[in-house]
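Hi,

Here is the structure for you to look through. My notes follow below it.

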Amino acid sequence: IRKVARRILDDLDFRTSEAETRTEALDVCRSEMPDCVVVDWHMPDGDSTAFLTKLRALPNGSKPTVIYLTSENDSVNVARAMRSGADMHMMKPFDRDQFLRSFAEAGLV
């Protein structure tokens with residue numbers, strides 16, 4: 001999913017970074033906070049909502065728009081992600097047009 005998202009965003013001329021784990025993602029955000037963070041609900045080293053909470057606690061962690069990717073249409077989990085710091089969610093599977101719509105809604109394009 002991460003590779004597909006990166007390919008779409010690269011094709012749309014966004015400058016991207018990627019991280020395999022929440023630990024790596026927090027390190028990337030500490031070094032240079034992005035304008036947008038795309039978070040998959042499933043992270044190999046733990047709960048994505050824990051990542052969101054830690055992201056928002058970082059200095060300047062309130063800055064990025066956070067798009068939460070999920071394959072489950074579970075309103076409880078989506079609400080939990082939103083309470084943890086996600087700004088919007090997008091269902092998987094996704095395509096280029098969905099990314100464009102989400103980024104437009106977030107004011108990023």
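Which residues does Val39 touch, not counting residues up to four places away in sequence? They are Ser48, Phe51, Leu52, Val66, Ile67, Tyr68 and Leu69. Contact means heavy atoms within 4.5 Å.

First, the ground rules. This is a predicted model: local features need pLDDT of at least 70, side-chain atom pairs count only at pLDDT 80 or more, and totals for chains, interfaces and linings use all residues. Residues are numbered from 1 along each chain as its sequence is written, and side-chain values use heavy atoms, with hydrogens and water left out.

Now the cores. A nonpolar core is a set of buried Ala, Val, Leu, Ile, Met, Phe, Trp, Tyr and Cys residues joined through side-chain atoms within 4.5 Å. Buried means under 20% relative accessible area (1.4 Å probe, protein chains only). The largest nonpolar core has 15 residues. Val37, Val39, Phe51, Leu52, Leu55 and Val66 have the most contacts inside it. Apart from this core lies another, of 12 residues, including Ile8, Ile67, Met88 and Phe94.

Next, the rings. The structure holds three aromatic pairs (Phe, Tyr or Trp rings, the six-membered one for Trp, with centres within 6.5 Å). Planes under 30 degrees apart count as stacked, over 60 as edge-to-face, the rest as tilted. The Phe94 and Phe99 planes stand at 80°, with ring centres 5.0 Å apart, so this pair is edge-to-face. Phe99 and Phe103 make a tilted pair, 5.9 Å centre to centre and 45° between planes. Both Phe99 and Phe103 are buried. Ring pairs link Phe14, Phe94, Phe99 and Phe103 into a cluster.

Best wishes

Methods:
Buried < 20%, exposed > 50% of the residue type's maximum accessible area, 1.4 Å probe, protein only.
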